[in-house]
Each structure stands twice: as structure tokens, then as C-alpha cells.
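Here are a few exercises to work through with the model open on your screen. Try each task before you read its solution.

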Amino acid sequence: MAKTRTLFVCQQCGAQQSRWMGKCPECGAWDSLVEQLIAPARPSGASRPAALSPNQPVRLRDVPLADFQRLPVYAEEFSRVLGGGLVPGSVVLIGGDPGVGKSTLLGQVAAHFAASVGPALYVSAEESAQQIRLRAERLGLAADDLFVLAETSLDLIIEHIRTLRPRLVIVDSIQTVYLPELTSAAGSVSQVREGALRLMQLAKETAIPIVLVGHVTKEGAIAGPRVLEHIVDVVLYLEGDRFHQFRLLRGVKNRFGSTNEVGMFEMAGDGLREVRNPSQVFLAERNTHSPGSTVAVTLEGTRPLLVEVQALTSHTGNAQPRRTTNGFDLNRLLMLTAVLSKRVGLPLFNQDLYVNIVGGLRIGEPAVDLAVALAIASSYRNQRIAPDVVCLGEIGLSGELRSVSQLDRRLSEAAKLGFRQAVIPAHTTPEAPPNLTVTPVRSLTEAVDLLTRNVRSSPSDIEQG
């Protein structure tokens with residue numbers, strides 16, 4: 001009789017080692033090896049003849065097309081990220097930092113689905129049914145066909161799903177449910193992988209869409225083996241600072257739609273509200289009469305967003321001036337500071353620099369380089385930039401401006417919100433809207449001289465002055 005053996009499995013990458021080590025040799029993670037008992041595999045017996053297999057090779061043109069209809073979900077922003085709604089039999093994985101609003105959003109999705117489509121089952125392995133009821137009362141959620149199950153055993157959860165036959169299942173979370181036949185603890189590599197496989201097989205068999213909540217690591221990736229993201233059909237991330245009210249739902253993987261869509265939500269007292277026009281919200285409290293403020297057009301997926309970029313320079317006597325960013329890459333700021341000092345001639349060696357992206361957004365694309373550099377120059381020279389100007393362009397180390405992608409869409413979004421002038425790289429020739437004046441510039445020096453020395457004044461500015 002074969003005996004069970006002990007292996008040490010990495011909780012980050014799933015690599016197996018015969019002995020414990022402090023550092024995983026495969027992924028380099030520290031203290032990630034966990035002891036597990038591996039039972040011997042049962043003999044499968046004689047294999048079934050190929051003639052009896054239900055799957056046979058067929059011509060691609062003879063494969064029938066699946067005529068499925070997507071199921072509507074709460075909020076058009078959520079539906080857009082999914083590709084138009086939930087696909088029957090799909091498995092969706094949603095990750096995000098603790099407290100970002102995953103359970104709040106999925107509670108609203110379950111209540112809306114139960115009221116408009118059919119029965120929905122919310123399975124919670126972290127909260128009791130009473131806690132879920134209290135949150136539902138606070139959010140004003142009420143649906144007759146919304147069922148709640150507080151259970152951690154995945155076998156019992158699957159049995160309840162087969163008995164109830166709901167139209168939607170939400171499991172919160174995949175790291176806290178377990179299979180009793182596995183000896184490892186809940187959240188381990190084997191438990192997460194096998195549990196996701198069981199739920200995927202159930203979803204395909206019953207055509208019930210299943211939404212899984214996944215915990216994330218300190219690096220922001222979904223905890224557990226990477227194979228978990230390969231098992232499911234859709235992977236979404238709910239991003240945002242828990243101390244800011246805006247949340248961004250971003251698609252990373254989608255077998256039924258594009259991953260270039262994002263959804264914007266605002267955290268309120270009654271839950272997450274969708275934001276139909278994020279640009280207008282981000283610019284609502286903008287002070288147009290102070291230096292150090294510019295407007296950039298960034299792309300979140302395929303959606304152009306207008307955001308305010310703020311910069312502040314302050315003289316310091318320290319040998320090493322401070323460089324602080326909020327929502328912008330610090331290394332990118334250091335590069336822009338060097339270009340401003342070397343190519344434009346701004347003496348920033350004795351200046352503390354602070355850069356802030358208003359609204360709690362994190363922007364990583366280089367199209368906002370020009371807006372950040374101009375905001376710094378405006379604050380240093382104490383000269384404001386005209387409030388109806390948007391700035392677009394990537395900055396090279398030589399101080400030249402480089403083109404950005406989808407410039408036409410960015411300019412159209414700026415024109416819709418009433419902006420009258422756009423500063424863009426000179427090498428691009430976009431089709432500008434009729435009410436938007438496009439000013440091409442070749443270098444950062446030219447842009448700084450244009451916008452911080454030739455400031456257009458309006459009667460209201462003169463009155464305030």
C-alpha cells in the first residue's frame with residue numbers, strides 16, 4: 001500500500017520542494033513554503049476507448065455558434081467592463097485591496113440581479129448572514145429572490161447551488177472556502193486551485209455565472225497560484241485609495257470582450273455609484289486662478305479622462321530637496337525634473353517638488369508628461385496657465401515632445417468639456433474639433449515659454465487681480 005508523502009508547496013507560484021527552505025528557488029518569495037501531505041493517486045483503471053469518447057474532431061466551419069444572451073448587471077459601468085453583461089456559465093474573478101469596496105459592489109450587483117433577472121445566491125465565507133443583512137440595510141438593498149449562505153465548506157456550497165439553482169452565484173472569497181478531502185489549509189495553493197476548478201465545472205455544467213472574490217498580495221496581485229487567473233474567464237481589479245471616493249474597475253482578462261474598458265464608481269453612503277462623466281467630476285473643484293495647475297487627457301482603457309495635475313515648488317535649504325508624488329510615478333518625476341533643469345534652464349536643485357493627480361487616480365502613461373512639466377514650471381515662475389488649455393505629449397531626454405496614441409479621441413473629449421486650446425507635439429496632425437484650437441510645439445522649452453509667459457487674461461481675472 002502506497003504511503004502519503006510530505007511536500008513543501010510555495011503559496012505564491014505553486015512550486016513543490018522536497019524540504020523546507022526560507023526562500024522559494026522558483027519565484028524568490030520568502031517564507032512562502034507550506035508543508036502539505038500528498039496522498040497517492042488512485043489507479044484509474046483501463047482507459048476508455050477513443051471510439052467511445054464524446055469529443056471528436058470536427059471541421060471548424062461545422063461547429064455551431066453559441067447563441068447566448070448576456071445577463072444584465074448593476075450599473076452600465078460594470079456592464080461595460082464585462083463586455084455588455086454576464087455570460088451564462090462564465091466564471092468572473094474580482095480582486096482588490098482590503099476595504100476598497102468589493103463586497104459592497106457585489107452586494108449591489110446581487111440585489112439588482114435578483115430584482116431584475118432571477119434568484120441570486122451570495123455565499124460568504126468571511127461574514128455571517130446577520131452581518132450581510134446589516135450591510136444590505138445600510139445600502140438600502142431589498143430583493144425577494146436574493147439568498148444568503150454563510151458557509152466555508154465548498155462541498156456544501158456546491159450542494160446548495162445544485163438544490164437552489166440560482167441564476168447568479170457570488171462566492172466571497174475563494175481563499176476562505178475549502179474542500180474537506182484536501183489536507184491543506186484554506187487559502188493554500190491546492191485548495192484555491194482545486195476549488196476554482198470545481199466551481200468552473202459547475203458553472204459550465206449548469207450555465208450559472210459565478211463571481212469569485214480574490215484577495216490580493218502586498219504587490220497588488222491576486223493571492224494564490226497564477227493558474228487561478230488562467231482557470232477563470234474574466235479577471236477584474238477594483239482599484240482606488242480607500243481614503244478617496246473614486247474607484248476604478250479595470251479588466252485584465254476577458255474571454256468574452258475587450259480588456260480595454262474601465263468603469264468608474266464613486267463611494268457614497270449608500271454604496272458605489274457609477275460615474276457617467278468622470279472628467280467633469282475631476283475638474284469640478286478646480287481653481288483656475290492659481291499657478292501650478294494644468295489639465296491633461298489620459299486614457300483609461302479606451303475612455304479618455306480629463307484630470308487636473310497640480311504641482312508645487314518650494315525653496316528649501318536642505319542639501320537634498322524633496323520629491324513627492326501622489327498618483328504619478330516618482331521616477332518619471334525625477335526624469336522630468338532633470339529635463340526642466342538641463343534643457344529649459346529652471347534651477348530646481350534648491351526646490352522641493354510636490355506633484356498631485358487630483359481625484360486619487362494613478363496615472364502611468366507618458367502622455368501626461370507635458371502637463372506635469374508645465375505645472376512645475378508654472379508654480380516655479382508663479383505664473384498661471386490659461387484655464388481653457390489642455391496639454392498632451394511625451395517628453396524625451398532631449399526635451400523634445402513625442403506623439404501620443406489616440407490623439408483625436410483625447411481632443412474630442414476636451415472640446416466637449418469646453419476647452420478651447422490644446423498644446424500637442426508638432427509631429428502629429430490630428431483632426432481637431434472646430435471649436436478647439438490646436439497649437440503644435442516641438443520642444444518643452446517652447447511649450448514653457450508659450451504657456452507661462454503669454455498668459456491670456458479674461459475680465460474676471462482682472463477683477464480678481
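Buried means under 20% relative accessible area, exposed means over 50%, and partly exposed is in between, using a 1.4 Å probe and protein chains only. This is a predicted model, so local features need pLDDT of at least 70, side-chain atom pairs count only at pLDDT 80 or more, and totals for chains, interfaces and linings use all residues. Residues are numbered from 1 along each chain as its sequence is written, and side-chain values use heavy atoms, with hydrogens and water left out.

**Exercise 1. Find Ala75 and work out whether it is buried or exposed.**

Step 1: go to the loop between strand 3 (33–38) and helix 1, where Ala75 sits. Helices (H or I, at least four residues) and strands (E, at least two) are DSSP runs, numbered from the N terminus.
Step 2: check the accessibility. Ala75 has 10% relative accessibility, so it counts as buried.
Step 3: look at the backbone. Ala75 has a phi near 75°, which is positive even though the residue is not glycine.
Step 4: compare with Gln406, another non-glycine residue with a positive phi, of about 50°. Gln406 lies in the loop between strand 19 (401–402) and helix 10 (407–416), and its relative accessible area of 37% makes it partly exposed.

**Exercise 2. Say what Ser79 is in contact with, leaving aside neighbours within four places in sequence.**

Step 1: locate Ser79 in helix 1 (residues 76–82).
Step 2: note that Ser79 counts as buried, because its relative accessibility is 15%.
Step 3: list the partners, taking contact as heavy atoms within 4.5 Å. They are Val73, Gly84 and Gly85.

**Exercise 3. How do helix 4 and helix 5 lie relative to each other?**

Step 1: take the axes of helix 4 (residues 154–164) and helix 5 (residues 189–206), which come within 11 Å and cross at roughly 10°. Axes are lines fitted to C-alpha atoms, for helices over the stretch in contact, and angles run from 0 to 180 degrees between N-to-C directions.
Step 2: classify the angle. Under 35 degrees counts as roughly parallel, over 145 as roughly antiparallel, 65 to 115 as roughly perpendicular and the rest as oblique. Helix 4 and helix 5 are therefore roughly parallel.
Step 3: name the contact residues. Helix 4 brings Leu154, Asp155, Ile158, Ile161 and Arg162, while helix 5 brings Gly195, Arg198, Leu199, Leu202 and Glu205.

**Exercise 4. How many disulfides are found in the whole structure?**

Step 1: search with the cut-off, a pair of cysteine sulfur atoms within 2.5 Å. The search finds zero disulfides.
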